[in-house]
Amino acid sequence: QVQLVESGGGLVQPGGSLRLSCAAPGFDFRYYAIGWFRQAPGKEREGVSCIKPRDGDTDYADSVKGRFTISRDNAKNTVYLQMNDLKPEDTAVYYCGAARTYYYCLDATQYDYWGQGTQVTVSS
């Protein structure tokens with residue numbers, strides 16, 4: 001079953017934490033990069049974090065370094081995004097994507113498959 005399903009979004013106060021999950025049945029992590037992207041109203045979709053095939057090397061946007069951590073559970077075919085110290089500017093719809101072929105894994109144009117998104121709202 002080729003699909004991506006995000007979960008874990010919600011409303012949180014500044015400084016709070018959320019953990020997003022991306023269930024990715026049918027995607028072999030030896031061949032697919034998995035990325036987290038976000039899109040705020042009126043803005044382009046931007047890369048947040050990604051994890052590369054096989055070795056699991058990771059990349060992060062500068063804006064989230066030190067606050068967000070991407071990880072994967074190969075047995076569950078699930079990728080997580082732990083988000084700490086959330087800020088209002090993190091508010092967006094967060095999407096999970098899968099890329100079979102990519103040049104730069106934070107580039108949304110490289111991704112072939114997308115989930116439906118989960119809303120993250122950080123508000124005081």
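Asp-57 and Lys-52 form a salt bridge in this predicted model, their closest N and O atoms being 3.7 Å apart; the term covers a side-chain nitrogen of Lys or Arg within 4 Å of a carboxyl oxygen of Asp or Glu. Asp-57 is partly exposed at 45% relative accessibility, and Lys-52 is likewise partly exposed, with a relative accessible area of 22%. For these labels, buried means under 20% relative accessible area, exposed means over 50%, and partly exposed lies in between (1.4 Å probe, protein chains only). The model is a predicted one, in which local features need pLDDT of at least 70, side-chain atom pairs count only at pLDDT 80 or more, and totals for chains, interfaces and linings use all residues. Residues are numbered from 1 along each chain as its sequence is written, and side-chain values use heavy atoms, with hydrogens and water left out.

Over the whole structure, the search returns 8 salt bridges. Among them is the contact of Asp-90 with Arg-38, at 2.9 Å from N to O. This pair links distant parts of the chain, 52 residues apart: Asp-90 sits in the loop between strand 8 (78-83) and strand 9, while Arg-38 belongs to strand 4. Strands here are DSSP runs of E with at least two residues, numbered from the N terminus. Both Asp-90 and Arg-38 are buried.

Asp-90 also meets Arg-67 in a salt bridge, with 2.8 Å between N and O. Arg-67 lies in the loop between strand 6 (58-60) and strand 7 (68-73) and Asp-90 in the loop between strand 8 and strand 9, so this contact ties together parts that are 23 residues apart in sequence. Arg-67 is buried, as is Asp-90. Through shared partners, salt bridges join Arg-38, Glu-46, Arg-67 and Asp-90 into one network.

The hairpin of strand 4 and strand 5 has 6 residues between the strands, and Gly-42 takes a positive phi near 80° in it.

Turning to the cysteines, the model holds 2 disulfides, a disulfide being a pair of cysteine sulfur atoms within 2.5 Å. One of them joins Cys-22 and Cys-96, with sulfur atoms 1.9 Å apart. Cys-22 is in strand 3 (residues 18-23) and Cys-96 in strand 9 (residues 92-99), so the link ties together parts that are 74 residues apart in sequence. Its torsion about the S-S bond is -70°, and the link of Cys-22 and Cys-96 is left-handed. Cys-22 is buried at 0% relative accessibility, and Cys-96 is buried with a relative accessible area of 0%.

Cys-50 and Cys-105 form a disulfide with sulfur atoms 1.8 Å apart. Cys-50 lies in strand 5 (residues 46-51) and Cys-105 in the loop between strand 9 and strand 10 (113-114), so the pair ties together parts that are 55 residues apart in sequence. The link of Cys-50 and Cys-105 is right-handed, with 55° about the S-S bond, and both cysteines are buried. With the bonded cysteines numbered in sequence order, the pairing reads 1-3, 2-4.

Terms used:
Helix = DSSP H or I, 4+ residues; strand = E, 2+ residues; numbered from the N terminus. Pairing = 2+ DSSP bridges.
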